[in-house]
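Subject: Structure handover

Hello,

Here is the structure you are taking over. Notes on what was found in it follow below.

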Amino acid sequence: MAVLICLIALKPLPLTAPEPAPVPSSCDALTFSENDPSQLARISVCNLLLRGEMADSRGPNILRYREELQKFYAPDYALAWTDSGHPTGPARSMIDELQRADLKGLSPEDYDSSRWEARLHALAFSVSPTALANFDVALSLSAMRYVSDLHLGRVNPRDARFDAPPKHLGLAAFFRTRIVHSADVKAAIEQLEPGFTRYHRMLKLLPAYLALEREERENPHPPLPMVKKPVASGGTYPGTALLDQELRRLGDLPVDAPSPAPSHVYSGNLVQAVQHFQRRHGLPDDGRITPETIRELNVPMKTRVTQLRLTLERWRWLPGSLHSPLVVVNIPEFQLRAYSSPPSEREPAFTTKVIVGKAYTHDTPVFVDEMEYVIFRPYWKVPASIIRDEILPALRRNPDYLSRHKMDVVSSSGLFEVRQRPGSGNALGLVKFVFPNEYDVYLHGTPEKALFNRVRRDFSHGCIRVQDAEGLAAWVFRDDATWTRERILAAMNGDRTLQVNLPRHIPVLIFYATAMVDESGEVRFFDDIYKLDAALERALASAPR
């Protein structure tokens with residue numbers, strides 16, 4: 001029976017804007033001497049914050065950061081980034097970080113990258129109080145934007161359908177204690193970044209993709225010819241020379257591999273390179289040149305860089321408290337990884353394929369929670385919508401439908417419901433992993449093993465089917481010597497339902513990344529099956545700066 005498991009009700013998550021920070025009604029209370037430029041500069045800093053706007057800035061409105069700026073400059077509004085009219089060492093290091101923001105997957109222009117040379121030049125010829133104040137507040141504003149974006153992400157994750165606990169960062173305290181007097185600004189900022197290995201691996205690969213994007217922009221490449229039907233090894237393809245060049249450029253064909261003979265015959269190293277490319281892009285790796293393979297090969301490098309940047313943004317949303325042991329499901333990859341050691345240190349101890357919610361109708365939600373218990377031989381309570389849309393029509397065709405599928409109509413709290421008895425044919429398989437959440441989503445086994453042979457695996461009503469449920473159970477109970485593999489199998493194949501509460505809850509991350517660096521250090525790209533990349537791009541485009 002091809003059944004779909006559970007429904008999810010995505011609820012709107014209202015967000016309220018923070019109250020504007022209190023600011024002084026005027027700067028008249030500050031004392032100054034006309035002969036002391038630094039004191040006059042303090043008045044200018046105060047007035048800039050009072051006015052809430054900087055004309056010469058990528059984002060002239062500073063209201064979003066005014067509360068932190070007020071705390072940073074309190075109580076006397078003294079300049080933080082200059083000494084005797086000259087930029088300090090930390091100021092120059094901070095500007096260097098802002099101008100290299102693209103290496104973090106951010107846009108340097110969001111932090112006034114192109115304006116800093118002119119500002120430094122102007123400061124060299126004018127140390128007027130106004131010029132000093134403008135430079136100081138501009139750098140504080142850009143630096144706060146950058147550090148906030150790097151640590152928290154550029155947008156609220158809930159605006160992009162990621163239900164993550166809120167993160168906070170005291171910008172004023174961070175800059176006062178860790179940056180303005182730092183001998184190593186870069187290192188201080190890096191401590192705020194996510195600790196996940198895959199995040200840092202992606203950062204290492206990003207410069208190469210930025211270079212490919214720049215090269216493609218400056219020297220546009222002709223697209224590979226499309227095929228009407230698959231071309232297998234030994235077949236004819238008119239774009240073999242272009243294909244060879246593209247696969248070398250992307251790293252799927254070694255640069256020192258022999259070049260193909262000047263013909264249109266598709267064979268040899270090219271076939272192996274296409275297989276490698278297909279594996280990295282979520283395609284069947286049969287080595288045939290298919291329309292899907294050509295479409296992926298013709299994706300602009302700008303799009304690939306965007307996928308990397310969006311994934312880096314999502315890594316930054318994750319709570320710093322997320323720790324091992326940890327279960328991570330990446331929806332577009334259809335893959336589960338379980339980490340026994342801190343994910344910043346080691347590779348997953350267990351991996352398995354998964355099936356996720358059907359795109360467009362039953363998207364699996366993206367969120368963070370904790371696994372609390374495991375149920376062996378679970379009952380399946382059939383959701384009302386599946387009863388209405390699938391079971392009732394089946395009963396009209398076959399009155400024996402319920403008995404054939406070992407389903408019963410039972411009374412619960414005065415209401416009738418349909419549930420399926422435990423067993424090998426149960427839609428949840430023989431084990432269920434529960435992390436209670438508002439979506440009623442969980443991990444579970446399944447009797448429909450053939451679906452795991454598909455490359456794209458979005459078939460469920462929102463819950464996540466696990467190919468190797470037995471292996472996941474063994475990993476969950478790995479630290480309990482009483483739960484041997486034999487005992488797990490006995491519980492799965494026994495004659496009663498058994499709930500086992502976990503003495504220590506296990507964090508579960510249901511993630512969404514269309515780019516991921518695998519265990520071998522290669523980057524893999526996946527389809528945006530839920531269009532969440534597109535939604536995040538829109539959120540980023542409309543985000544206030």
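Helices here are DSSP runs of H or I with at least four residues, and they are numbered from the N terminus. Please keep in mind that this is a predicted model.

With three residues, α11 gives the most. By residue class, the lining has 15 charged, eight nonpolar and five polar residues.

Salt bridges. There are 34 salt bridges in the structure. One of them joins arginine 249 and glutamate 215, at 3.3 Å from N to O. Arginine 249 is in helix α9 (residues 240-250) and glutamate 215 in helix α8 (residues 197-218), so the pair ties together parts 34 residues apart in sequence. Arginine 280 pairs with aspartate 252, their closest N and O atoms being 2.8 Å apart. Both arginine 280 and aspartate 252 are buried. A network of salt bridges links Arg198, Arg201, Glu333, Arg337, Glu347 and Glu519.

Helix α15. Seven of the eight residues of α15 (residues 469-476) are buried, so the helix is largely enclosed by the rest of the structure. Glutamate 470 counts as partly exposed, at 24% relative accessibility. Glutamate 470 forms a salt bridge with arginine 485, with 3.1 Å between the closest N and O atoms. Arginine 485 lies in helix α16 (residues 485-492), so this pair ties together parts 15 residues apart in sequence.

Regards

Technical notes
Residues are numbered from 1 along each chain as its sequence is written. This is a predicted model: local features need pLDDT of at least 70, side-chain atom pairs count only at pLDDT 80 or more; totals for chains, interfaces and linings use all residues. Side-chain values use heavy atoms; hydrogens and water are left out. Helices (H or I, at least four residues) and strands (E, at least two) are DSSP runs, numbered from the N terminus. Ala, Val, Leu, Ile, Met, Phe, Trp, Tyr, Cys and Pro count as nonpolar, Asp, Glu, Lys and Arg as charged, and the others, Gly among them, as polar. Buried means under 20% relative accessible area, exposed over 50%, partly exposed in between (1.4 Å probe, protein chains only). A salt bridge is a side-chain nitrogen of Lys or Arg within 4 Å of a carboxyl oxygen of Asp or Glu.
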